[in-house]
Amino acid sequence: MSAPGWTRAFTDDGEVDVELLGGKGAGLVRMTRDGLRVPPGCVVVTTACHLYLDRGALPDGLVDELRDRLSAMEAATGRTFGTGPEPLLVSVRSGAPVSMPGMMDTVLNLGLSREAAIAIAERAGDTAFMADLVARFHAMYSEIVLGALDERDAVDAVVARIRPDDDPADAYERVWAAAEAALDEELAESVPAVPDEQLRHAVEAVFRSWNTRRARTYREHHGIPHDMGTAVVVQAMVFGNLDDSSGSGVVFTRNPVTGEPGLYGEYLAHSQGEDVVAGTRTPDPVARALPAPLLRELEGACAGLEARHGDVLDVEFTVERGVVWFLQVRSAKRTPEAAVRIAADLLRDGTASPSRALSLVTAEQLRAAARPGFDGDALDEARAAGRVVVTGIGACPGQVSGELVLDPDRAKDRADAGADVVLARAVTSPADLHGMIAARGIVTATGGSTSHAAVVARALGTACVVGAGELEIDAAARTVRVGERVLAEGDPVSLDGASGELVAGALPTTTPAAATEAMDALLTAATQASGAAVLARVTVPADVVAAREAGATGIVTAVDDVLAASGDLNHLVETLLEKGWDGGGSGTALDEVRQAVARQVSGLLAEAGGADVDVRAIDLLADESRELLQQTAVTTRHPELALPLGVPALVAAQRAGLALAAAESGYGGRMRLAVRHVSDPAEVRALAEADGAGPGMGTYLTSPRAVLNADALAAHSAVVWLEVRALQAAMFGIPARQFLTAAPLDSYVARGLLSTDPRHAIDPSVEPLLAGLAEVARAHPDVPVGVRLSGTVSDAVAAQLYALGFRRFAVDLPEVRPLLLGLGRAALAQ
């Protein structure tokens, strides 16, 4: 690529390509075009990163192109890079196409030669200000570019002794010498004094940061591809730490914690942006800290940005001597609860179309929004008993309990061992990410709602409290002290990410209430768009209530699951084995089956109203049944029980029991009984022709042969269900039960031994079978044909099945809302 192909100025014409410019660069270009006050700068595009990572050197011509871009910035600002009398300093920041807050590197105040530093002190009339800039730059460059530890104590001591009216040259020499001495002692390295060298090495360091451990961990956790690369933003510095009329802040166009409309954020006077987001100082609410004229300007600009982007935004800004400058805009990380409310609000007021509104909420956010919370009475009792250890700033809602851990490595180890962990830190950094991912809750002593801990927690959906200033963490002693109260690592604690409370001891949790009004509004729009029916797998009557509240159009259940939940299954199987299955009169084993089915299923039907109910017959081959019965000898001793119609009388007894349950409960909907492992037309004809009254008879397809025969099976079935997990297991030759666990498939897939992870994607070998079944569904419009999905359902799988033509689905109860959302998105994307 030839010049000027490696860079793009904020003012250049052309398409705003996020993949090329990165999210940060694209946002700066858009704000510049909108007429907002943005310091001039340029973007080094992601293709340069790809080339650098491939060959370990910057692309040919990039350095010269950057020099040309700097000349344009000098002309725009009236300043000169690296020298006086009006020095131009720049920031060098990462900017990937997908937001990865805090995961990659930044260098600020770059361009500080001796001459530039002295000129800055003379221009500002404040030598102490210059000394602080020099110390910040040297520390950041040393850490980011050279890999030094962030140890500034000796340098900070020198800076603290410098007064505003000290001689600039002498002050520079003292600070630079102290910083260089510390760096030489640690690494035997030196920070170059030539600004052009600083810039080149800083760009290389940002490119390298794409592949740091923390960045790769973040991408793997969020499913972000490793081959995207990062852009680099080179931008003129403005100084929030210049004087008391200056400062830095971060605002959100709506509250990212609750979703409440209105500007929300923080401002820290006399500071640079890193002070706000690093969490090392606790800022003030922007509405209180920012002068009224500046607040009005900020509110107006943010309202316009939100309207143009059609999303809630995270905006970074700096005030230099009373003038607001905009440094970044991006889609705001938000809590699951806020995401749901915001999307519903934008849909209701017409700001967002149904397609746009549904795109603003992920399936994972829906799952998190419905998670359990503390029992209200138990929380009140804990408060009354004085068990609230400290109250900080609620940064991400969620009520969790776990053992207190003070180190991210130990947090991950304890979580890997199966423990629930609450991670407590004085302040978090990107190096803590692995522990933050492992923790169920995070609490920090310092920082505000825009600190590293808060932003990462919101991205993870993890309960988080920041700014708990009374918290004294002794990492060496592994204790936490608040006043006279001391907690030791390992003690049980409870954390409320909304109220900001850390409570001693574990609090019990309760099942969340029904879906909120906002969630219902979104799912109504999704259902109207997709026209799909989603049934929920249930076992007890309370599940039916929850399923209907979640938006399920019907329920599916299994006779063996229901009988296991009631404690009847083992007894009935033992009775069948003891008495046999000849005769169905009173007192026989089959009569006991009939009566148990009627007794236990009637409760489900009473709650179902008129919704569809599909019931799977007992399957003694299923992994679940084997585990429930805790023995595998049943089908060995009686192999006829392993066949779908090996004992027709057992199927008839279940059917009769369902008919009795419907009569006793007053159920008025459509109920069907489906038999698993049917694959031959003769089997389904036998089911259809069976004597006796009761629900219509159908089939559960579990094998490739069954799917290939689906057209003939559907001709004689009242319902057809395909179990996707069973079909994939048959194609892979892997036991279906392993599709519901992490081990051993996690490591197997990680070793590259499977091209498709069958737990999260549909294998290409299965796609033709699914397409054929979808054709069968279209050819038999009077026969409901659906797919049964187990475990977590990805948006990709939902979209693929919808595109094939499936409109009837059954999922586990927690997946009803996420699937409704995914199907709605899939429909609107067509």
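Helices here are DSSP runs of H or I, at least four residues long, numbered from the N terminus. The model shown is predicted.

**View 1. Leu821 sits in helix α35.**
This helix covers residues 816-829. Is Leu821 buried or exposed? Leu821 counts as buried because its relative accessibility is 1%, and buried means under 20%.

**View 2. Leu821 touches residues from elsewhere in the sequence.**
Residues up to four places away in sequence are left out here. The partners include Leu358, Val361, Thr362, Ala363 and Leu366. Leu523 and Ala526 also touch Leu821.

**View 3. Leu821 and Ser703 are 29 Å apart in space.**
That distance runs from C-alpha to C-alpha. Along the sequence, 118 residues separate Leu821 and Ser703.

**View 4. The protein is divided into three parts: domain 1, domain 2 and domain 3.**
Domain 1 spans 7-236. Domain 2 spans 247-334, and domain 3 spans 372-510. The centres of domain 1 and domain 3, taken over C-alpha atoms, lie 34 Å apart.

**View 5. Domain 1 and domain 3 are in contact.**
How many residues of each domain take part? Domain 1 supplies 9 residues and domain 3 supplies 10. The size of an interface is often given as the accessible area lost when the parts come together. Domain 1 and domain 3 bury about 770 Å² between them. Carbon and sulfur atoms account for 79% of that area. On the side of domain 1 that touches domain 3, the residues are 3 nonpolar, 4 polar and 2 charged. Between these two domains the count of salt bridges is 0.

Technical notes
Residues are numbered from 1 along each chain as its sequence is written. This is a predicted model: local features need pLDDT of at least 70, side-chain atom pairs count only at pLDDT 80 or more; totals for chains, interfaces and linings use all residues. Side-chain values use heavy atoms; hydrogens and water are left out. Domain bounds come from an automatic or database domain assignment. Contact means heavy atoms within 4.5 Å. Buried area is the accessible area (1.4 Å probe) that two parts lose on being put together, summed over both. A salt bridge is a side-chain nitrogen of Lys or Arg within 4 Å of a carboxyl oxygen of Asp or Glu. Ala, Val, Leu, Ile, Met, Phe, Trp, Tyr, Cys and Pro count as nonpolar, Asp, Glu, Lys and Arg as charged, and the others, Gly among them, as polar. Helices (H or I, at least four residues) and strands (E, at least two) are DSSP runs, numbered from the N terminus. Buried means under 20% relative accessible area, exposed over 50%, partly exposed in between (1.4 Å probe, protein chains only).
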